[in-house]
Amino acid sequence: MKKLFKISYLTACLFAVVSLLSCKNPSSANDGIKVEIPEHYQVPKELKYTLFDDPMSYIVDRLYPIGWSKDGRYLAYATEPADEAVGAYFFEIHIKDFSTNSDAWMWKPEEDPETGSIATTWSENQELFDSKLKEFGIIPQEFQLEGFDAPFIDKNTRVWIDTTMRYSDFLCQDVVNNVTIKCGTLEENRTIFEYTHSNEYDLILYEGLGGLIKCPYKDMAAVVGVTMSRGYEGPPHVISFYFTKVEK
């Protein structure tokens, strides 16, 4: 009986040690996440968006998230804005400051070349990009676009967008006027983003939500807003993106 008790006791101790060691291992939420600031930042991968994928009707900005700062204040990303038959290559890199909901830093070429790529632009400006991304403590990681059932949002909490319209004399049709993004329930919610397209030539045909980019270090995420602007001569219309923050 004593021998059986000793075996059971040793088994329990061994289980406790294994459990403790398991707790010390990185959680699955952090698997594959780089937590160090690199010497040189690699060219980021494109975050594909396929809701509007008819090239005859829409042209979509290409979006390349780079990384978050550890405190969740900054999100860095690059974008290749759509070329509306201008015959030029467009590139921008942004570091978004969620404390002010504006860019802490933004860069684009002084002149837009006729051709180009993110790889070429990155290589030509590697020193500048490295310096700025390090300055804001950007930690690169892999990204994926997630739905609004992200784990840090309560199952009863929703994120949604409300829009109001105005009549455009130029288009002879309604276009988006005011945009409000809210988080919460229908009974209790808060506004996390609000914007008015006050310029009469802001010909916004649609505003929607594309999903979430979760911050791996905080219970927060960037909400991806989707804007459809009327094409220069009508279709194809231009799909572009912007970010705002949502947290518990």
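This is a predicted model: local features need pLDDT of at least 70, side-chain atom pairs count only at pLDDT 80 or more; totals for chains, interfaces and linings use all residues.
Reader: What makes W107 and F129 an aromatic pair?

Author: The ring centres are 5.4 Å apart. The cut-off is 6.5 Å, so the two rings pair.

Reader: Why is this pair called edge-to-face rather than stacked or tilted?

Author: The planes of W107 and F129 stand at 75°. Edge-to-face begins over 60 degrees, so the label follows.

Reader: What does the pair of W107 and F129 tie together?

Author: W107 lies in strand β5, residues 102–107. F129 lies in helix α3, residues 126–135. The pair therefore ties together parts that are 22 residues apart in sequence.

Reader: Is F129 buried or exposed, and how do you know?

Author: F129 has a relative accessibility of 0%. Buried means under 20%, so F129 counts as buried.

Reader: What makes F170 and Y201 a pair, and why edge-to-face?

Author: Their centres are 6.3 Å apart, and their planes make an angle of 80°. The limits are within 6.5 Å for a pair and over 60 degrees for edge-to-face, so both labels hold.

Reader: Where in the chain do F170 and Y201 sit?

Author: F170 is in the loop between β7 and β8. Y201 is in the loop between β9 and β10. The two are 31 residues apart, and the pair links distant parts of the chain.

Reader: Are F170 and Y201 buried or exposed?

Author: Both are exposed. That label calls for over 50% relative accessible area.

Reader: How many aromatic pairs are there, and which residues form one cluster?

Author: The count comes to ten aromatic pairs. F91, W107, W122 and F129 form one aromatic cluster.

Reader: How do you know that β7 and β8 pair?

Author: They share eleven bridges, in the antiparallel sense. At least two are needed, so the strands count as paired. Among the bridge partners are D162 and T180, the latter in β8. R158 is likewise partnered with G184 in β8.

Reader: What about β8 and β9?

Author: These strands pair over seven bridges, again antiparallel. The requirement is at least two, so this pairing qualifies as well. T180 has E194 of β9 as its bridge partner.

Reader: What lies between the strands of each hairpin?

Author: The hairpin of β7 and β8 has four residues between its strands. There, C172 takes a positive phi near 60°. The hairpin of β8 and β9 has four residues between its strands too.

Reader: Why do β7 and β9 count as edge strands?

Author: The open sheet has three strands in the order β7-β8-β9, with antiparallel pairing. β7 and β9 each have a single partner strand, so one side of each is left without a neighbour in the sheet. On average, neighbouring strands here are turned by 25° against each other, direction ignored.

Reader: What makes R73 and D97 a salt bridge?

Author: Their side chains meet at 3.0 Å, N to O. The limit is within 4 Å, so the contact qualifies. R73 lies in the loop between β2 and β3, and D97 lies in strand β4, so the bridge ties together parts that are 24 residues apart in sequence.

Reader: How exposed are R73 and D97?

Author: R73 is at 35% and counts as partly exposed. D97 is at 5% and counts as buried, because buried means under 20%.

Reader: What about K48?

Author: K48 forms a salt bridge with E46, and the closest N and O atoms are 3.3 Å apart. K48 is exposed at 58%. E46 is partly exposed at 28%. The count comes to seven salt bridges.

Reader: What lines the largest pocket, and how much space does it hold?

Author: About 750 Å³ of space lies in it. The lining has 31 residues, and T227, S229, S240, F241 and Y242 lie nearest the centre. The largest share of the lining, five residues, comes from β12.

Technical notes. Residues are numbered from 1 along each chain as its sequence is written. Side-chain values use heavy atoms; hydrogens and water are left out. Rings of Phe, Tyr and Trp (its six-membered ring) pair if their centres lie within 6.5 Å; planes under 30 degrees apart count as stacked, over 60 as edge-to-face and the rest as tilted. Buried means under 20% relative accessible area, exposed over 50%, partly exposed in between (1.4 Å probe, protein chains only). Axes are lines fitted to C-alpha atoms, for helices over the stretch in contact, and angles run from 0 to 180 degrees between N-to-C directions. On a 1 Å grid over the protein atoms alone, a cavity is a set of points where a 1.4 Å probe fits but cannot get out, and a pocket is an open set with protein on both sides within 12 Å along at least five of seven lines; lining residues have an atom within 4 Å of a point. Grid points are joined across faces, edges and corners, and a volume is the space filled by probe spheres set on the points.
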